[in-house]
Each structure stands twice: as structure tokens, then as C-alpha cells.
Amino acid sequence: MEKENNHSRPVEESDVKDNSRRNFLKQSALLTAVAVTPAPAVMAAGMHLDEKIAEAFEKMPLKMEVNGKMLNLMVEPRSTLLDILREQLDLTGTKKGCDLGQCGACTVHVDGHRVNSCLTLGIMVNGKKVTTIEGLAKGNQLHPMQEAFLKHDGFQCGYCTPGQIMSAVACIREGHANSEHEIREYMSGNICRCGAYPNIVNAIQEVKEGGMAI
């Protein structure tokens, strides 16, 4: 068997010089850039302060009342009310489900009206009153709707329950709890994947017929 001939081109002195020249130019450019950059800017970049400053400029003031407490916040214009409640205020009773306004797990009250907080920008509720599931009870005294859900087993896994309860309260306040059919119609925006709908309807009917203040 004949040996293959190695016809690779020998490294010439000019190639070595070209590589050295390129490396020198790269290093020189880097050193020049560092040299002309103000020291505070270099330090800021190292501490990621530039990102923090940009983030601060991008935020907007938001004043709202949440569960009876007046709050002054700085929020990003794109932040949803849901994310502000959960991430900034640690009110995690409001659940993030579909994030598309289709499941109702994130339902809260804004000025007494139920809204999907995942579809509501935080800046849209500036100056308004927001009530979450945490704001229904009075201390250790549960809200009548919360008690009714417990009594009638209006939940299984419980994930959708906060949104269901908030919608149930609004359903009665809106005057849409006069029959089982009407309750089902006006609660249709809240999905229970466990299928506890009959128990939910029973809970709402009891609160409505009991005439309790909600």
C-alpha cells in the first residue's frame, strides 16, 4: 500500500506576521476603548448599574388602593396587574392560570367590578381600588362566600378557587344570581378543571338566598 503524500502548504513567515498583526490590532483597539471610557462608566458597567438605571427610567408611578391599603409603586408600563400583585406585593392568592384571560383564575375586583388581572395593565388601575381574595375576609372572620364554598365543597384542587370566589361575589352584586341557569351563565368565565361546578352553584345560591351582606 502506497503512503499518501502530504501536500499541505508549509507555514510561511508572512502568515505568522499577519496573525501577529491582527492580534496586535485587536488588543490595541480594546485598550484604546477602555482608556477613553470614563472610569465611572467602567465601574457602572461592571456592577450592571447601566441596566438598573435604564430600568428605573422605564418605570412609571402607580398609586392604587389594595385591600384597603393605599400604595405608591414604581412599575414597568408593560407589567400586568396580576404580576404586580404576585411579584411586587406578594399577594399570591390571585393565581396565574392561562395568562390569556380564558380561565378566570386571576379574577380580582377593581372599583367593585371583576376583571381578569392577567389582561389588565397595572397603570390602568392608577387611582383605583383593587380587592384580591386576601381582602375579602375580615381578620379571622371569613367572607360569607368563602364559608359557603367550604360548606358545599366548591373546590377540589383549589387552584381556581380564589378566582371563582371573587367572581361569585361579583355575580351576586351584579344581580346575576337569580337562578341556576343565570349563575352558570355569568360564572362561565371561570373554569374549574376538577368539575366542581354544581357545588359552586350551590354555594352561590345559599349566599344569595341568605341575604347576607357581601
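In this predicted model, R184 has a relative accessible area of 38% and is therefore partly exposed; buried means under 20% relative accessible area, exposed over 50%, and partly exposed in between, with a 1.4 Å probe and protein chains only. The model is a predicted one, in which local features need pLDDT of at least 70 and side-chain atom pairs count only at pLDDT 80 or more, while totals for chains, interfaces and linings use all residues. Residues are numbered from 1 along each chain as its sequence is written, and side-chain values use heavy atoms, with hydrogens and water left out.

**Overall composition**

- The protein chain contains 8 helices and 5 strands; helices (H or I, at least four residues) and strands (E, at least two) are DSSP runs, numbered from the N terminus.
- In sequence order, these elements of the protein chain follow the pattern α-α-α-β-β-α-β-β-β-α-α-α-α.
- The protein chain has 214 residues, and 31% of them count as buried.
- Among contacts in the protein chain with a separation of 6 or more, 53% are made by residues 24 or more positions apart; contact means heavy atoms within 4.5 Å.
- About 13700 Å² of accessible surface belongs to the protein chain, and carbon and sulfur atoms account for 54% of that surface. Accessible areas come from the Shrake-Rupley method with a 1.4 Å probe, and for residues only the protein chains shown count as cover.

**The sheet and the helices on it**

- An open sheet of mixed pairing is formed by 5 strands in the order β2-β1-β5-β3-β4; two strands pair if DSSP finds at least two bridges between them.
- Its edge strands, each pairing on one side only, are β2 (69-75) and β4 (113-116).
- On average, neighbouring strands of this sheet are turned by 40 degrees against each other, direction ignored. Axes are lines fitted to C-alpha atoms, for helices over the stretch in contact, and angles run from 0 to 180 degrees between N-to-C directions.
- Strands β1 (residues 60-66) and β5 (residues 129-131) run parallel and are joined by 2 bridges.
- E65 stands opposite K129, which belongs to β5.
- Helix α4 (residues 81-88) lies across β1, β2, β3 (107-110) and β5, and runs at about 105 degrees to β2.
- Helix α6 (residues 161-173) also packs on the sheet, where it touches β3, β4 and β5, and its direction makes about 45 degrees with that of β3.

**Nonpolar cores**

- The largest nonpolar core comprises 22 residues, and M145, F149, I165, M187 and I204 have the most contacts inside it. A nonpolar core is a set of buried Ala, Val, Leu, Ile, Met, Phe, Trp, Tyr and Cys residues joined through side-chain atoms within 4.5 Å.
- Two or more residues of this core come from each of α5 (144-151), α6 and α8 (197-210).
- Helix α6 supplies the largest share of this core, with 6 residues.
- Neighbours within four places in sequence left aside, F149 is in contact with G154, F155, T161, Q164, I165, A168, I200 and A203.
- A second, separate core has 15 residues, among them V66, L85, L91 and V130.

**Salt bridges**

- The whole structure holds 5 salt bridges; a salt bridge is a side-chain nitrogen of Lys or Arg within 4 Å of a carboxyl oxygen of Asp or Glu.
- One of them joins the side chains of K96 and D83 (2.7 Å, N to O). This pair ties together parts that are 13 residues apart in sequence, because K96 lies in the loop between α4 and β3 and D83 in helix α4.
- Both residues are partly exposed, K96 with a relative accessible area of 31% and D83 with one of 25%.
- Another salt bridge brings together the side chains of E174 and R114 (2.9 Å, N to O). This pair links distant parts of the chain, 60 residues apart: E174 is in the loop between α6 and α7 (180-186), and R114 is in strand β4.
- E174 counts as partly exposed, at 35% relative accessibility.
- The side chains of E180 and R184 also meet in a salt bridge (3.2 Å, N to O). About one helical turn separates E180 from R184, because they are 4 residues apart in helix α7.
- E180 counts as partly exposed at 41% relative accessibility.

**A buried loop residue**

- T120 is located in the loop between β4 and β5.
- With a relative accessible area of 12%, T120 is buried.
- Neighbours within four places in sequence left aside, T120 is in contact with T80, L81, V115 and V125.
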